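Biologist: I am new to this structure. Please show me how to read it, one feature at a time.

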Amino acid sequence: MKRAILKATLISALVAFAATNYAHAGAIHDSAQFTTNFPGNDDGFVGPVAMGMNINFFGSNFNKLYVNNNGNVTFNSGDGVYTPSAITGTSQPRLAPFFADVDTRSGNTTKYGTGVIGGHNVFGVNWIDVGYYSNHTNKLNSFQLIVTDRSDIGAGDFDFEFNYDKVQWETGDASGGSNGLGGTSAVAAWSNGAGTFYQFPGSLVHGALLDGGPNQLIGDSRNSNILGQYIFSVRSGQVVGAVPEPASLALLGIGFAGLAVMRRRKVK
């Protein structure tokens, strides 16, 4: 009897420890390092923010960036655009784990900052349990961007990760959505701002990137054995290695006609 009680106590303790220390034990990791609070807002951005490293992204060198509340970072200026369009048309370098209308005026806020992971300097942004416009928290998304300094390999080299633990909504009310769905759906992508880019399959497609969708972000990976984690390596300014799906190679560096989406003006 005593052994059974001891075993049950140990199991309960382990469960409690896991719940406390691994609330995001899937793809999202080391989130506690990124603690600078971006106060609750709609369509805001902050920056330029020092990354704590120098990176070479397709021949352009950066050591600062702008954190945009709407699920992305940019390097030349902040961006308050809330209705996504095909990332191919972007006019500046952008890393966009989930470009959509994030609204943090209610519920959790976006957090960012620098840290060290595995002996490498990192810059991260957490969008954990964030809601959507306008002030909705009935559905929540948890995703993360981490940029890792790899100057140990070569000057300006770096990795960046898109990490996803939960994707329940895809659209804000001002982008034609209803209850977080439909309208102009979210985009997951990166671009150098000058014609080279990668847009995840399922971007701008209703329901595709959501949990349980045909291109669910939590259901695949890149350069990782953890579902929901997509790691891109940039060496000598170029993204190296295969893209997530060979069929998507055509997306690299090729523009899409007719995918530009007219942005609606919000009524605040």
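Biologist: Is F143 buried or exposed?

Modeller: Start with the scale. Buried means under 20% relative accessible area, exposed means over 50%, and partly exposed lies in between, with a 1.4 Å probe and protein chains only. F143 has 0% relative accessibility, so F143 counts as buried. W127 is also buried, with a relative accessible area of 0%.

Biologist: What kind of model is this?

Modeller: It is a predicted model, where local features need pLDDT of at least 70, side-chain atom pairs count only at pLDDT 80 or more, and totals for chains, interfaces and linings use all residues. Residues are numbered from 1 along each chain as its sequence is written, and side-chain values use heavy atoms, with hydrogens and water left out.

Biologist: How do W127 and F143 pair?

Modeller: Rings of Phe, Tyr and Trp (its six-membered ring) pair if their centres lie within 6.5 Å; planes under 30 degrees apart count as stacked, over 60 as edge-to-face and the rest as tilted. W127 and F143 are stacked, at 4.9 Å centre to centre with 15 degrees between the planes. By this rule the count comes to 25 aromatic pairs.

Biologist: Where in the chain do W127 and F143 lie?

Modeller: W127 is in strand β8 and F143 is in strand β9 (residues 136-149). They are 16 residues apart, and the pair links distant parts of the chain. Helices (H or I, at least four residues) and strands (E, at least two) are DSSP runs, numbered from the N terminus.

Biologist: Which strands form the open sheet?

Modeller: Two strands pair if DSSP finds at least two bridges between them. Here six strands form an open sheet in the order β2-β3-β4-β5-β11-β12, with antiparallel pairing. Its edge strands are β2 (45-57) and β12 (197-199), each pairing on one side only. From one strand to the next, the twist averages 20 degrees. For such angles, axes are lines fitted to C-alpha atoms, for helices over the stretch in contact, and angles run from 0 to 180 degrees between N-to-C directions.

Biologist: How many bridges join β5 to β11?

Modeller: Four bridges join β5 (residues 94-99) to β11 (residues 187-191), and the two run antiparallel. F99 stands opposite V187 in β11. F99 also meets a charge: the charged end of R94 sits over its ring, 5.3 Å from the centre. The rule asks for NZ of Lys or CZ of Arg within 6 Å of the ring centre and within 35 degrees of the ring normal.

Biologist: What does β7 pair with?

Modeller: Three bridges join β7 (residues 110-117) to β1 (residues 36-38), antiparallel. There F38 stands opposite T110. Seven bridges join β7 to β8 (residues 120-132), again in the antiparallel sense. K111 stands opposite N126 in β8. β7 and β8 form a hairpin with two residues between them, and G118 in the turn has a positive phi of about 60 degrees.

Biologist: Which residues does T137 touch?

Modeller: Contact means heavy atoms within 4.5 Å. T137 touches S106 and G107, not counting residues up to four places away in sequence. T137 lies in strand β9 and is partly exposed, at 37% relative accessibility. The C-alpha atoms of T137 and N108 are separated by 9.0 Å, though the residues are 29 apart along the chain.

Biologist: What about the protein as a whole?

Modeller: Of its 268 residues, 50% are buried. Among contacts with a separation of 6 or more, 61% join residues 24 or more positions apart.
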